[in-house]
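Trainee: Hi! Could you walk me through this one? I'm new to it.

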Amino acid sequence: MTLTPCQRTDALTAIDVNDSQMGDLERERLLGALIGVHARHFPDYPYVTDRLVAQAEPQDTVAHAWLLCVNGRPAGEFLFHTCMRRGIAQLHYVAMDPAGSAQLPLGWLADVTDTALATSVKEAAAQGVELLGIAGEMFSTPRDYRRWRRKGFLILAMDYREPVAGRDWRFRPNDFRGLTIGLRLTEAGKAADPEVVLDAVLSAFLLDYYGLPADHPEVVRMFDEAARLGLRELPDEVING
């Protein structure tokens, strides 16, 4: 399935490599291009490519792997999940080559994010699930903070960490890397108890996506801190650098 996810230009298209209607040869070709993009932008996360190949995702999850093309050329990626069990869309990886970005108007990423969120809301509603929002693990830099705040995301203050080895955390069970959670709420999410929303976000990432046990000390610490801080954001002076 090919989308035009940006209202500002038709030069940007998104091809969902996980489209079940796609033929095997076509998927193999596009998957190779997507893996190449991912390797350029996220060399520290090579295990993701294995999951893309295997299409191995948690139960009750709709996985989207959008290959972003600019004027027909593969140039970026937008990987996200709709986690039905938790009522949360999970934004995993976003990237665009500089040459591709130079050909796009300002605001292209906001449009793509809006399209992804609308996709997840529609998928969830079809299953009788009210989506609470879209959340992503972001690098803890002022540039990233500002980038996602402009797109309507809360930049949460809690000390969030991901397992360095991803789903293979058992090989390095005590190694975690500090990141920041960005969260954009839907109207349903804004009306919900913040503790319920944060429980859904942390469960979707830590328990479902990574498969960490609920009694892992780092997991327990994060849930406890989220319950204490709620939707409190980082101070403006931190976000603005």
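Mentor: Happy to; we'll go through a strand, some aromatic rings and a lysine. This is a predicted model, where local features need pLDDT of at least 70 and side-chain atom pairs count only at pLDDT 80 or more, while totals for chains, interfaces and linings use all residues. Residues are numbered from 1 along each chain as its sequence is written, and side-chain values use heavy atoms, with hydrogens and water left out.

Trainee: Okay, how many residues of strand 5 are buried?

Mentor: Nine of the nine residues in strand 5 (residues 88-96) are buried. Buried means under 20% relative accessible area, exposed over 50% and partly exposed in between, with a 1.4 Å probe and protein chains only. Strands (E, at least two residues) and helices (H or I, at least four) are DSSP runs, numbered from the N terminus.

Trainee: Does strand 4 run parallel or antiparallel to strand 5?

Mentor: Antiparallel, with eight bridges joining strand 4 (residues 73-83) to strand 5. Two strands pair if DSSP finds at least two bridges between them. In this pairing, glycine 76 stands opposite methionine 96. Four residues lie between the strands of this hairpin, and glycine 87 takes a positive phi near 70 degrees.

Trainee: And how many bridges join strand 5 to strand 6?

Mentor: Four, and these two strands run parallel. Isoleucine 88 stands opposite glycine 133 in strand 6.

Trainee: New topic: how many aromatic pairs are there?

Mentor: The whole structure has eight. One of them is phenylalanine 42 with tyrosine 93, edge-to-face at 4.9 Å centre to centre and 70 degrees between the planes. Rings of Phe, Tyr and Trp (its six-membered ring) pair if their centres lie within 6.5 Å; planes under 30 degrees apart count as stacked, over 60 as edge-to-face and the rest as tilted.

Trainee: Why does that pair tie together separate parts?

Mentor: Because phenylalanine 42 lies in the loop between helix 1 (24-41) and helix 2 (47-54) and tyrosine 93 in strand 5, the pair ties together parts 51 residues apart in sequence. Phenylalanine 42 is buried, at 11% relative accessible area, and tyrosine 93 is buried at 7%.

Trainee: Last one: where's lysine 151?

Mentor: Lysine 151 is in the loop between helix 5 (142-149) and strand 7 (154-155). Its charged end sits over the ring of tryptophan 148, 5.7 Å from the centre. That label requires NZ of Lys or CZ of Arg within 6 Å of the ring centre and within 35 degrees of the ring normal.
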